[in-house]
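Q: Hi! I have a fold open on my screen and would like to talk it through. Could you take a look with me?

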Amino acid sequence: MPPGASTAKALEFLAFTLGQEEYGIDIQKVQELRGYDTVTRIANAPEHIKGVVNLRGIIVPIIDMRIKFNLGTPSYDQFTVVIILNMASRVMGMVVDSVSDVITLTPEQIKPAPEMGSVLDTNYLIGLGTLDERMLILVDIDKLMSSDDMGLVAETAH
């Protein structure tokens, strides 16, 4: 390694879009990508939980991120993608408008997220990733999916 080269590890993010914005999540949390299929609705579930699907014997809750982030009425078309996430013994699906690619960012390319009072609470953000002219909102998907307002918190054993 040349002197002065950074030893910090580059991180890989799956880039996806919601509305006009491009987001990124840690590629290591992604199990697979699927097209949007019909889901089984669950009574009294929060609006952003579209329902569940049976994925090879595992019941997977499907969350529509456009509804969660108040990005207008979702439409489901051939570009709609469900990102199947595998996080700490829990599998869930996240509906997004489209998935573009996997990008590699060095720690220097990740800037802290400014406090903007945006739709996305900055507690759930890792930061903003910049790559040439692109800017990705990097989401801490573990924090977001385990937040109380997601309605997905695993019941604690009594």
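A: Happy to. One term to start with: buried means under 20% relative accessible area. Keep in mind that this is a predicted model.

Q: Good. Is Glu22 buried or exposed, then?
A: Glu22 has a relative accessible area of 16%, so Glu22 is buried.

Q: Which residue forms a salt bridge with Glu22?
A: That is Arg134, with the closest N and O atoms 2.6 Å apart. Arg134 sits in strand E11 and Glu22 in strand E2, so the pair ties together parts that are 112 residues apart in sequence. Arg134 itself counts as partly exposed, at 25% relative accessibility.

Q: Let's switch to the sheet. What is the strand order?
A: The open sheet has six strands, ordered E8-E1-E2-E11-E10-E9, with mixed pairing. E8 and E9 stand at the edges with a single partner strand each, so one side of each has no neighbour in the sheet.

Q: How many bridges join E1 to E8?
A: Six, and the two strands run antiparallel. Leu14 has Val102 as its bridge partner in E8, and Phe16 stands opposite Val99.

How values were computed. Residues numbered from 1 in each chain as written. Predicted model: local features only at pLDDT ≥ 70, side-chain atom pairs only at ≥ 80, totals over all residues. Heavy atoms only, no water. Pairing = 2+ DSSP bridges. Helix = DSSP H or I, 4+ residues; strand = E, 2+ residues; numbered from the N terminus. Salt bridge = Lys/Arg side-chain N within 4 Å of Asp/Glu carboxyl O. Buried < 20%, exposed > 50% of the residue type's maximum accessible area, 1.4 Å probe, protein only.
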